[in-house]
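Here is a walk through one protein model, taken from its overall make-up down to single residues. Keep the sequence and the structure in view while reading.

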Amino acid sequence: GQFKGKLRWRMEDRDTIVAELAGIQKASAECLAAEHSVIWLGFSNGGYLLTKAAQYCLLKKNPLIIASGSAGSAMPGESANMRECGRIRLVIGEGDLARRKAGRYRSELKKRGADVELIEFKGRHELHEKTLQRILEAG
């Protein structure tokens with residue numbers, strides 16, 4: 001969705017998250033062959049969308065979920081067991097305002113059984129190319 005001239009993803013509830021993901025999947029299907037594996041990468045607000053989708057286990061068939069520049073937001077009662085909800089990589093700059101929240105969020109997801117890692121880099125609120133490349137190479 002649009003918000004003050006910027007792209008912002010709606011995520012008020014499960015239904016809006018499902019609708020946003022459907023739009024993303026439709027757009028990706030138009031440019032990618034079906035046999036390509038999908039890696040979900042969301043930056044800032046997009047990272048929040050993906051981490052919420054992971055809490056509903058909506059992305060469990062996808063091998064890797066990368067949320068960069070996002071602290072995530074745990075939703076009480078949603079997906080208490082996240083063991084099969086995808087591999088989540090939270091990527092955040094040491095100078096990002098959301099850094100401490102990201103650490104707490106990682107701990108919350110670990111308690112739910114999620115395969116989650118917090119990966120920090122020297123920087124601020126940005127997509128950090130070298131860090132993302134390392135994650136992609138590791139699979």
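The model is predicted. Among contacts in the protein with a separation of 6 or more, 65% are between residues 24 or more positions apart. The protein has 139 residues, and 40% of them count as buried.

The secondary structure consists of four helices and six strands. Read from the N terminus, the order of the elements is β-β-α-β-α-β-β-α-β-α.

Strand β5, residues 87-93, pairs with strand β6, residues 115-121, in the parallel sense, and the pairing has seven bridges. To get from β5 to β6 the chain passes through helix α3, residues 99-111, and this β-α-β crossover is right-handed. Within the pair, Arg87 stands opposite Asp115 in β6. In a regular strand, side chains alternate between the two faces of the sheet.

Most residues other than glycine have a negative phi. Ser44 is not a glycine, yet its phi is positive, at about 55°. Ser44 sits in the loop between β3 (39-43) and α2 (45-55). Is Ser44 buried or exposed, or does it fall in between? Its relative accessibility is 23%, so Ser44 counts as partly exposed; the cut-off for buried is under 20%.

Cys57 also has a positive phi, of about 60°, although it is not a glycine. Its place is in the loop between α2 and β4, the latter being residues 64-68. Cys57 has a relative accessibility of 19% and therefore counts as buried.

Cys57 leads on to the disulfide. A disulfide is a covalent bond between the sulfur atoms of two cysteines. The structure holds one disulfide. Which residue is the partner of Cys57 in the disulfide? The partner is Cys85, and the two sulfur atoms are 1.6 Å apart in the model. The pair links distant parts of the chain, 28 residues apart: Cys57 lies in the loop between α2 and β4, and Cys85 lies in the loop between β4 and β5. Both Cys57 and Cys85 are buried.

Technical notes: Residues numbered from 1 in each chain as written. Predicted model: local features only at pLDDT ≥ 70, side-chain atom pairs only at ≥ 80, totals over all residues. Heavy atoms only, no water. Helix = DSSP H or I, 4+ residues; strand = E, 2+ residues; numbered from the N terminus. Buried < 20%, exposed > 50% of the residue type's maximum accessible area, 1.4 Å probe, protein only. Contact = heavy atoms within 4.5 Å. Pairing = 2+ DSSP bridges. Right-handed = clockwise from strand over helix to strand, strands pointing away. Disulfide = S-S within 2.5 Å.
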